[in-house]
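Please look over the chain shown here with attention to its side-chain contacts. The briefing below takes up aromatic pairs, charged groups and an annotated region in turn.

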Amino acid sequence: MDFKKIILIVVFFLVLFLSLLFILKQNDSDTGRKDSLSPEEQMVSDRISPLGNGEGFWDEAISPFREDRTKPYLELLEDLKSGKVNFVWEVWALRRKCKPDFTPDQCNATILAYIDAEYDSPDREKVKDLFISYFRYEEEYRKWEQPTDLNFVELYEKIKAKRREILSDKAELIFGMEESQVSFLEGTNHFLKQTANLPAEQRVKQFEDFKKKTYGNYYDSLVSREDKFDHYQMEMSLRDKEYASITDSKEKEKYLFKIESKYFGKEKAEALANERKKETKLSESISTYESKEKEFLRENANLSAADKEKKLKELRIQILGSEEEADAYLRRKNIEEAGK
């Protein structure tokens, strides 16, 4: 993945986040029940999760309301501070467990009633205070008229300030991890530009240092949930110039094998290397065939179309190794031609 793709990914996430803010601020034109919904409650009511429902991404987050054990307040507090639990995701997950015909207020009341039933003082009051504060924040946020003449960075700073105005020190517990992720996305583009001429090893190390510094206490939890392939692609992007400077194909393979072994293990790295060998061999065979095809057509211009195709099919099978590969090549070629 080159730098342009990395930058596009960063821009994509920022645009996605702005889209979420827009959705949260939209007023519903429907009457009755929907008029009273807060943004997040409306999403639950409509079964819409703007960033997905968390499945496959927050699987390792541990809900404060596990079936086997209610999480004590101090443990929940530490999990929020470390990013092990994302409070907003947990609220949305709990709301999805409410009955479909519940109003948002009824659903919130059910969550608070559960806390009353499952917790003893003083944990009960402290856990309830977190949820009540968040519910109040939703209502206040919906009423807030956002500035429309700001860029993303300026707007997000206003949002952060608004969160702290409403939630005080609870804003860090509830939104701290999200804010560190946005800071990381903002800073990545700058980092890539500033370190473009550094040696690869130094650049990779500095990127990890930048990541640790930006994520802070959330680093371990966030990194543990990230996909290994994304890590691999990022490191290869950081090493792009060094890798491109290697001219010997065997040395390139050694370079890739070392990095792939780091992320996927030796066995998987060997499998990837074998796949590349097959692809290279096939590419070379296709080049040979296409050269022979041109030569054949030039030397046999007077043959009928049927005879030409019969001979070319035999040539494809001979050079590409099997009738299956020959047919697959022809299908790809036809699709390419149709696309043009």
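What follows is a short account of contacts in this structure, which is a predicted model. A search of the whole structure finds 25 salt bridges, and the count of aromatic pairs comes to 23.

**Aromatic rings**

- Among the aromatic pairs is that of Tyr232 and Tyr263, whose ring centres are 6.3 Å apart and whose planes stand at 70°, so the pair is edge-to-face.
- Because Tyr232 belongs to helix H11 (residues 228-238) and Tyr263 to helix H13 (residues 249-264), this pair ties together parts that are 31 residues apart in sequence.
- Tyr232 counts as buried at 11% relative accessibility, and Tyr263 is buried as well, with a relative accessible area of 15%.
- A cluster linked by ring pairs takes in Phe87, Phe131, Tyr134, Phe135, Tyr137, Tyr141, Trp144 and Phe175.

**Charges over rings**

- Phe175, a member of that ring cluster, has the charged end of Arg163 sitting over its ring, 3.8 Å from the ring centre.
- Arg163 also takes part in a network of salt bridges, in which it is linked with Arg164, Glu172, Glu178 and Glu179.
- The charged end of Lys252 sits over the ring of Tyr243, at 3.9 Å from the centre of that ring.

**A salt bridge between Glu226 and Lys211**

- The side chains of Glu226 and Lys211 meet in a salt bridge, with an N to O distance of 2.8 Å.
- Since Glu226 lies in the loop between helix H10 (219-225) and H11, while Lys211 lies in helix H9 (residues 200-215), the pair ties together parts that are 15 residues apart in sequence.
- Glu226 is partly exposed, with a relative accessible area of 27%, whereas Lys211 counts as buried at 5% relative accessibility.

**The annotated region and its salt bridges**

- An unreviewed UniProt entry lists residues 298-332 as a "coiled-coil region"; over residues 298-332 the model is 80% helix and 0% strand, with the end C-alpha atoms 23 Å apart.
- Glu309 forms a salt bridge with Arg316, the closest N and O atoms being 2.6 Å apart; Glu309 is partly exposed, at a relative accessible area of 36%, while Arg316 is buried, at 4%.
- Glu323 and Lys313 form a salt bridge in which the closest N and O atoms are 3.6 Å apart, and because Glu323 lies in helix H16 (residues 323-339) and Lys313 in helix H15 (residues 305-320), the pair ties together parts that are 10 residues apart in sequence.
- Glu323 is partly exposed, with a relative accessible area of 39%, and Lys313 is likewise partly exposed, with a relative accessible area of 34%.

Key. Residues numbered from 1 in each chain as written. Heavy atoms only, no water. UniProt positions renumbered as here; feature names shortened; annotations may be inferred. Helix = DSSP H or I, 4+ residues; strand = E, 2+ residues; numbered from the N terminus. Phe/Tyr/Trp six-rings, centres within 6.5 Å; stacked < 30°, edge-to-face > 60°. Buried < 20%, exposed > 50% of the residue type's maximum accessible area, 1.4 Å probe, protein only. Lys NZ or Arg CZ within 6 Å of the ring centre and 35° of its normal. Salt bridge = Lys/Arg side-chain N within 4 Å of Asp/Glu carboxyl O.
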